[in-house]
Amino acid sequence: MIGQELVKRGIDLFELRCLRTEYYLQCGDPTPPYVGLIELSFNDDDIISLELAASSQRGGAFKFVEFEGLPELLRAAGRYVENKEGSLLRISNTESPIDSDTLRLEYESRDGRNQVEEVPVTELTDVAKHMYKQRSRASATPRAEPTWRH
């Protein structure tokens, strides 16, 4: 949901810090002369509100999924860290070299150590595609009818 909010605002340079139930963003101002800094914060209630607003905008029709888009990349980054049994601390695209297609992920590993990885966008795109396939399979699987209906 935060990724969708960034896209809606036209923001593409950001640093997202995660502190349990609070998310803090520092973003480059997307409007000329591009010198400002925007600071945003979200708590769990804000995320729920963003999810509700987004779900009300969705229709039943097919929608093209942009796996390299910011919303999918942020979801994939979260899953990437979950798969490592870590706790996400920070995601940034402001510290990587300009020509680098990576996101910097900082997370706390299961053993309590802080880890930093520059993860290629292509790898996160693969994670996003895998997540999409899992969601598609889950929604296509018919649910068993309760036995009391038979």
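Reader: Is Cys 18 buried or exposed, and what is the relative accessible area?

Author: In this predicted model, the call rests on a cut-off, since buried means under 20% relative accessible area. Cys 18 falls under that cut-off and is therefore buried, with a relative accessible area of 8%.

Reader: Which relative accessibility does Cys 27 have, and how many disulfides does the structure hold?

Author: Cys 27 also counts as buried, because its relative accessibility is 0%. A disulfide would need a pair of cysteine sulfur atoms within 2.5 Å, and by that criterion the number of disulfides in the structure is zero.

Reader: In what order do the helices and strands of the chain run from the N terminus on?

Author: The chain is built from four helices and six strands. Read from the N terminus on, its elements follow the order α-β-β-β-α-α-β-β-β-α.

Reader: Where does Glu 5 lie, and with which residues is Glu 5 in contact, leaving aside its neighbours within four places in sequence?

Author: Glu 5 belongs to helix α1, which covers residues 2-9. Its relative accessible area is 9%, so Glu 5 is buried. Once its neighbours within four places in sequence are left aside, the residues in contact with Glu 5 are Phe 42 and Leu 50.

Reader: How many aromatic pairs are there, and what is the arrangement of the rings of Phe 67 and Tyr 132?

Author: The count comes to one aromatic pair. The centres of the Phe 67 and Tyr 132 rings are 5.7 Å apart and their planes stand at 75 degrees; because an angle over 60 degrees counts as edge-to-face, the arrangement of this pair is edge-to-face.

Reader: How many residues apart in sequence are the parts that the pair of Phe 67 and Tyr 132 ties together?

Author: Phe 67 sits in the loop between α2 (44-57) and α3 (70-83), whereas Tyr 132 is in helix α4 (residues 121-140). Phe 67 counts as buried at 17% relative accessibility, while Tyr 132, at 29%, counts as partly exposed. The pair therefore ties together parts whose separation in sequence is 65 residues.

Reader: What share of the contacts in the chain with a separation of 6 or more comes from residues 24 or more positions apart?

Author: For the chain as a whole, with its 150 residues, buried residues make up 32%. The chain exposes about 10400 Å², of which carbon and sulfur atoms supply 50%. Among contacts with a separation of 6 or more, the share from residues 24 or more positions apart is 43%.

Definitions and conventions: Residues numbered from 1 in each chain as written. Predicted model: local features only at pLDDT ≥ 70, side-chain atom pairs only at ≥ 80, totals over all residues. Heavy atoms only, no water. Buried < 20%, exposed > 50% of the residue type's maximum accessible area, 1.4 Å probe, protein only. Helix = DSSP H or I, 4+ residues; strand = E, 2+ residues; numbered from the N terminus. Contact = heavy atoms within 4.5 Å. Areas by Shrake-Rupley, 256 points an atom, 1.4 Å probe, with all protein chains shown as cover. Phe/Tyr/Trp six-rings, centres within 6.5 Å; stacked < 30°, edge-to-face > 60°.
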